[in-house]
Amino acid sequence: MLANVRRRGLGHLVGGAAAALLAALPVTAMAQKPPSTLKVVMHSDLKVIDPIWVSAQIGRTHAYLVYDTLFSLDADLKPQPQMVDSYTVSPDGLVYTFKLRDGLAWHDGVPVKAEDCIQSIKRWAERDGVGQRLMQHTQSFDVVDDKTFKLTLKNPYGFVIASLAKPGSTVPFMMPKRVSDTPGTQQIKDATGSGPWIFKADEWKPGEKVVYVKNPNYKPRPEPASGLAGGKVAKFDRIEWLAMPDIQTAANALMTGEIDAIEALPLDLAPMVEKNKSIAFMRGKYPGQYTLRLNWLHPPLNNPKIREAIGYAIDQRPYLEAQIGNEKFFQLCKAYFICSTPLASTTAMDGRLEGNVAKARELLKEAGYDGTPLVVMHTTDLPALVNLAPVAKAQLERAGFKVDMQSMDWQTTVARTNKRDALDKGGWSVFLTSWGALDSSDPIVSQNLNASCEKATPGWPCDKRIEELRDQFALEGDAAKKKAIADEIQTRAVTLGTHYPLGEWYGQFAYRTSTRDWLPPMTAMLFWNAEKTQ
């Protein structure tokens, strides 16, 4: 009975006690909207909060919430100022002067200063190939005043702004100097940033939940949001990343409204979810590139002929069919620099990546392969990767390799890739992952093509000629000549076996229609601009 009276509302009681009660309530209490909370299942659990120490996408997405960058790419892949208000370049191209915009502050309320940005760039450059190359051409950084700093080059270098706007893999996120003073070889534990959301360390429960709350003091740029650039307006008061290892459970939770979005819905579940009219879908703006990465440090892959044999043993199609299945969402692509982009090429690819077992066996015989097993890491908890390693195992064994496939979760894979240990002491030979198109679009951005030996990314390729060619690419202004250099780099990379592309694919972001205005994912899922409608 009481419930029925409540459902009839207050209209029948306006002349009585209810009217008096309403009159007594503060206006703010009547008008105040409840905090908006977004609940999302991400593609992976967050275990490491230092985006400079690891290049995993989940760490990068975390970082785009809590940190900001000096420059960012817009939706058309053009660098735009982000934390920078304005900058100048001297007539000789050697001195870049950057002025920070007003109102920038760290989450603890301390103003962002020029010295913070300088040290952040230096720490990033310890770990990142693009940053290392920038530092090779840099003579000095100098503080002009609290909001202004200078970068002085040894010689003109056209990739300064592009380097600072780097969108993928290891991004130059800005941190307080007290945090970025931490050596790049050590993980930071303090996630103080200046971005639109604040990481709630006290609510972080790895394997269960990650929480972010809106930064009330963040001042977005005035321009409309565009890709990773523009006004990053935080419209969710609270964001919760909920761990649901069983993706079927996550899909059910999305359909019942227990969660608001799934970052990467497996394509085999799409037909079931599509029947629910309260669910919408969005495909990523750019494809991912599956890759097989080789470790040059230990036998047998310290032998270049054995690495080259793997390039012939690989056949792209079985990876894409096993992992994606639906041809609307994948494409064969031998290009190291992403198909349909200016540097895409099939140079030196004849006979490679087509399952040429006879050629692979021939090279193994020439190399004197002694049967030392390849340790292939198999990621078991990421739907987007789980089927890749078994395909690699089958293809490598068909070519004559012995394979020790070791299963583990993604975070263990990421941590283990940084280990240089011998194979019998926890090391590795091969791991398989996916890179965004923006991580592989040219020889400078591509972490896989960093061949600077001990300074290279895990796998540690070591080739002086590749590094010389990457230098030439960075300094060359003519587009045709840059393309020729990129072709030569690809030829050398596929012959020496820095890594092998396994084809391109598109993910599918699923979200409830009670949220709206999502920006298409780029190198990370983008949370700014979107909001809840109910």
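Predicted model: local features only at pLDDT ≥ 70, side-chain atom pairs only at ≥ 80, totals over all residues.
Reader: What is the strand order in the open sheet of four strands?

Author: The order is E4-E5-E7-E6, and the pairing is antiparallel.

Reader: Which are the edge strands?

Author: Strand E4, residues 84-89, and strand E6, residues 138-145. Each of them pairs on one side only.

Reader: How much are neighbouring strands turned against each other?

Author: By 15° on average, with direction ignored.

Reader: And what packs on the sheet?

Author: Helix H5, residues 114-127, does. It touches E5, E6 and strand E7, which spans 148-153. The direction of H5 makes about 160° with that of E6.

Reader: Back to E4. How many bridges join it to E5?

Author: Five bridges, with E5 covering residues 95-100 and the two strands running antiparallel.

Reader: What stands opposite Val-84?

Author: Leu-100 in E5.

Reader: Changing topic to H15, residues 410-417: mostly covered or mostly exposed?

Author: Mostly covered, as six of the eight residues in H15 are buried.

Reader: Which ones are buried?

Author: Trp-410, Gln-411, Thr-413, Val-414, Arg-416 and Thr-417.

Reader: What do those buried residues pack against?

Author: One helix is among the partners, H4 at 57-66. The others are strand E15 at 374-379, strand E16 at 403-408 and strand E17 at 430-436.

Reader: What does Asp-409 reach at the start of H15?

Author: A side-chain oxygen of Asp-409 comes to within 3.2 Å of the backbone nitrogen of Gln-411. Gln-411 is also one of the buried residues of H15.

Notes. Residues numbered from 1 in each chain as written. Heavy atoms only, no water. Pairing = 2+ DSSP bridges. Axes fitted to C-alpha atoms, helices over the stretch in contact; angles between N-to-C directions. Contact = heavy atoms within 4.5 Å. Buried < 20%, exposed > 50% of the residue type's maximum accessible area, 1.4 Å probe, protein only. Polar contact = N/O pair within 3.5 Å; in protein donor to acceptor, adjacent residues only side chain to side chain.
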